[in-house]
Amino acid sequence: MIQTFIHEIDKQISSNQELYDQTNFKIFKERLQKLESLKSEILTVIEDCEHPSDYPISFFKIRKDFIDPSH
């Protein structure tokens, strides 16, 4: 499931990179940076987790922060 989510993030990164390259619109660059940051955080949490039961809690926190960065 997490691999599928990361794969989807990679697809969105690629899509936003292509859109930014074609348009140079700031919004695509910002989305690209957020997606890359999210992916990096997810991979870090996965590497740092010693127990599979830790994944949902850590993963949920990352998603919540990504959706609402004010947290």
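Predicted model: local features only at pLDDT ≥ 70, side-chain atom pairs only at ≥ 80, totals over all residues.
Is N24 buried or exposed?

The protein has 71 residues, and 15% of them are buried. Three helices, zero strands. Reading from the N terminus, the order is α-α-α. Residues 24 or more positions apart account for 50% of them.

Now the first two helices. In general, two packed helices are described by the angle between their axes and the distance between the axes. Here, α1 covers residues 2–23 and α2 covers residues 26–48. They pack at about 155°, with axes 9 Å apart. The cut-off for roughly antiparallel is over 145 degrees, so α1 counts as roughly antiparallel to α2. Their crossing is left-handed.

Who makes that contact? From α1, the list includes I2, F5, I6, I9, I13 and N16. From α2, it includes F28, R31, L32, L35 and I46. By class, the contact of α1 with α2 has 14 nonpolar, four polar and five charged residues.

N16 sits in helix α1. Its relative accessibility is 9%, so N16 counts as buried. What does N16 touch, once neighbours within four places in sequence are left aside? F28, R31, L32 and L35.

Next, the loop. N24 is in the loop between α1 and α2. Back to the opening question: N24 is exposed, because its relative accessibility is 55% and the cut-off for exposed is over 50%. Look at its backbone, too. Phi of N24 is near 60°, a positive value in a residue other than glycine. As a rule, most residues other than glycine have a negative phi.

Last stop, the aromatics. How many aromatic pairs does a search of the whole structure find? One. The partners are F25 and F28. Their ring centres are 6.2 Å apart and their planes are at 20°. Planes under 30 degrees apart count as stacked, so this pair is stacked.

F25 is partly exposed, with a relative accessible area of 48%. F28 is at 13%, so F28 counts as buried.

Definitions and conventions
Residues numbered from 1 in each chain as written. Heavy atoms only, no water. Phe/Tyr/Trp six-rings, centres within 6.5 Å; stacked < 30°, edge-to-face > 60°. Buried < 20%, exposed > 50% of the residue type's maximum accessible area, 1.4 Å probe, protein only. Axes fitted to C-alpha atoms, helices over the stretch in contact; angles between N-to-C directions. Helix = DSSP H or I, 4+ residues; strand = E, 2+ residues; numbered from the N terminus. Parallel < 35°, antiparallel > 145°, perpendicular 65-115°, else oblique. Left-handed = near helix turned anticlockwise from the far one by under 90°. Contact = heavy atoms within 4.5 Å. Nonpolar A, V, L, I, M, F, W, Y, C, P; charged D, E, K, R; others polar.
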